[in-house]
Amino acid sequence: MVGTVVVFGLVLTLLRWLFAHWWLLVLLLAAGAGVAVLLVRARLAREAAARERQRRLRLALTGPGGLDHLGHRDFEYAVRDLLRRDGCRAEQVGGGGDQSADVLATDPMGRRWVLQCKHKQDPAGGAAVGVGVLYALVGTNERVHRAQVPVVVTNGKFTGPAVKWGREQDVVLVDRELLGRWASGGRPLWELLPRIPAPRSGRGH
């Protein structure tokens, strides 16, 4: 009984205090409503941004002039232009006797990149890029190019063995999903990769 009386007294005191300071309750309700509105707006903004990213990705890959519609040589030039957009010194060198290098580049941090480009006319249903392409790139890079960052770029996909071997040998694999993000997002490729060799000069990016 004593406990019940004490609790009842506290509740009564609290109600009297709220009645005397009703404006605080109004402020709390208004603040809560404001926070709820901000959270809803933030969620809607995130959803809109995600839809815009997907739209830009589709345009970069399949839209008019998108990467899927290019020929192999034009695909090499498109990769070169993406690197130049990122601030690299990049040249298309693919052709007869290219020794597995379609594009050579030096990024703003001094890292040397060698890129082999594999364009697929049927990105979804066509053959995936196999591990043999990686073997050739690594072999010629060690003998000829001596780049820090060997890369294979495709608008298609890679086989499981290629993914495994590339991870083991530090070969960067840019598949369709990553290529779309790179082409449509405006961020340098190295910012989209989980890891990358340190700059020659020790500068960060």
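Of the 205 residues in the chain, 37% are buried. The model is a predicted one.

The chain holds 7 helices and 5 strands. Along the sequence, these elements follow the order α-α-α-β-β-β-α-β-α-β-α-α. Among contacts with a separation of 6 or more, 57% join residues 24 or more positions apart.

One helix pair was examined in detail. Two packed helices are described by the angle between their axes and the distance between the axes. Helix α3 spans residues 72–85, and helix α6 spans residues 176–185. Their axes come within 10 Å of each other. The crossing angle is roughly 55 degrees. Because this value lies between the limits of 35 and 65 degrees, α3 is oblique to α6. The crossing of α3 past α6 is left-handed.

The residues that meet at this crossing can be named on both sides. Helix α3 contributes F75, V79, L82, L83 and R85. Helix α6 contributes L179, W182 and A183. By class, the residues of this contact divide into 7 nonpolar and 1 charged, with no polar residue. Arg counts as charged, and R85 of α3 is among the contacting residues. On the α6 side, L179, W182 and A183 belong to types that count as nonpolar.

Technical notes
Residues are numbered from 1 along each chain as its sequence is written. This is a predicted model: local features need pLDDT of at least 70, side-chain atom pairs count only at pLDDT 80 or more; totals for chains, interfaces and linings use all residues. Side-chain values use heavy atoms; hydrogens and water are left out. Helices (H or I, at least four residues) and strands (E, at least two) are DSSP runs, numbered from the N terminus. Buried means under 20% relative accessible area, exposed over 50%, partly exposed in between (1.4 Å probe, protein chains only). Contact means heavy atoms within 4.5 Å. Axes are lines fitted to C-alpha atoms, for helices over the stretch in contact, and angles run from 0 to 180 degrees between N-to-C directions. Angles under 35 degrees count as roughly parallel, over 145 as roughly antiparallel, 65 to 115 as roughly perpendicular and the rest as oblique. A crossing is left-handed if the near helix is turned anticlockwise from the far one by less than a right angle, and right-handed if clockwise.
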